[in-house]
Amino acid sequence: MDCFRIKFYRTAKGLLMVTSTDSRRLTAIEALVLESDSSADVGSAARPAFFLDFDGTLVDLAPTPEGVVAPEGVVALLDRLAAACGGAVAILTGRPLDFVDARLAPLRLTAAGQHGAELRLPDGTTVTARSEPLGVARTRLTALATDWPPGILIEDKGLAVAVHYRAHPDLGAEVDAAVAALTEDLGPALHLRRSKMVAEVTLAGVSKGRALDRLMREPPFRGRTPIVIGDDVTDDDAFEAARGFGGLSFQVGSRAGHRADFEIDGPAEVLRLLDELARGGPAGRRPSP
Ligand SMILES: [Mg+2]
């Protein structure tokens, strides 16, 4: 029931091709690699465990946070991937778990929601951080928002409060500064987390990296090689954490200063890659009903 082995190639375009060494797939794999004339084996990993961001990684970003939809087939794909590696697939997201569960239904993968403030362990139990420190932040952000135009959205996730300014990028610096000042004022129990067009007040001590560390202590993740795929600055913690376990990380799209080992174009390419990997799994394993 061991997982397939995978290899990584860097292509002339800087794109990565991840390939199975399963001989049944070799012809297709070689064809992929041959698209690049300067491919070189830059690493390999056996028995991977996958830690996948959601927005901007498995799904394209949308104009509003609620507008995100999972592309057709993504649920079946994640199910096949999990079946191919003993269930070692986790979602690491800034979203609440409920949000991701609704979009990936009926799948309920191991997952860290709200950057790890909610953690669903592989056995299905959920560990939730204390939310009290966020009470005052919530009230004060709501008051601040009265000065902002309607397109600036306050998203109360329960264990984090996010301010989205995608509709008003011109106000980004102002909004960010206001949220930063408020967070600073409220003391060390809270932490400002910045991502694409979002400034978010979160609980201190919570990160995707810590979530990965925690999950790597549990079967079926324990002893595997973590592969992290994410697009945003909040994924950097997980990229670094993976390195501590000898793992590998992928930045989706370009981002200055990212801490991933490799880059990959976008969600469509991520899904294609995961599909390749899921196909490379042991023969005879099929998606669960
Ligand atoms: Mg993301």
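Five bridges join strand β10 (residues 160–164) to β12, and the two strands run antiparallel; helices (H or I, at least four residues) and strands (E, at least two) are DSSP runs numbered from the N terminus, and two strands pair if DSSP finds at least two bridges between them. The model is a predicted one, in which local features need pLDDT of at least 70 and side-chain atom pairs count only at pLDDT 80 or more, while totals for chains, interfaces and linings use all residues. Residues are numbered from 1 along each chain as its sequence is written.

The hairpin of β11 and β12 has two residues between the strands, and methionine 197 takes a positive phi near 60 degrees in it. Strand β12 (residues 198–203) is mostly covered, since six of its six residues are buried, a residue being buried if 20 or more other C-beta atoms, placed from the backbone, lie within 10 Å of its own, exposed if 12 or fewer, and partly exposed in between.

Elsewhere, an open sheet of eight strands has the order β8-β7-β6-β5-β4-β13-β14-β15, with mixed pairing. Its edge strands, β8 (126–128) and β15 (262–264), each pair on one side only, and the twist averages 15 degrees from one strand to the next. Strands β13 and β14 run parallel and are joined by four bridges, with serine 249 in β14 as the bridge partner of valine 228.

Helix α6 lies across β4, β5, β6 (110–113), β7 (118–120) and β13, running at about 160 degrees to β5; axes are lines fitted to C-alpha atoms, for helices over the stretch in contact, and angles run from 0 to 180 degrees between N-to-C directions. Helix α6 (residues 208–215) also packs with helix α7 (residues 236–244) at an angle of about 35 degrees, with their axes 6 Å apart. In this packing Lys208, Gly209, Leu212 and Asp213 of α6 meet Asp237, Ala238, Glu240, Ala241 and Ala242 of α7, where contact requires C-beta atoms, placed from the backbone, within 7 Å of each other. In α7, the residues Asp236, Asp237, Ala238, Phe239, Ala241 and Ala242 are buried, and what covers them includes β4, β5, α6, β13 (225–230) and β14 (248–252). Just after α7, glycine 246 takes a positive phi of about 75 degrees.

Helix α2 (residues 74–84) is largely enclosed by the rest of the structure, because eight of its 11 residues are buried. These are Val74, Leu77, Leu78, Asp79, Arg80, Leu81, Ala82 and Ala84, and their cover includes β4 (48–52), β5 (89–92), α3 (97–104) and α8 (267–279). Glycine 86, which follows α2, has a positive phi near 65 degrees.

Conventions
Contact = placed C-beta atoms within 7 Å.
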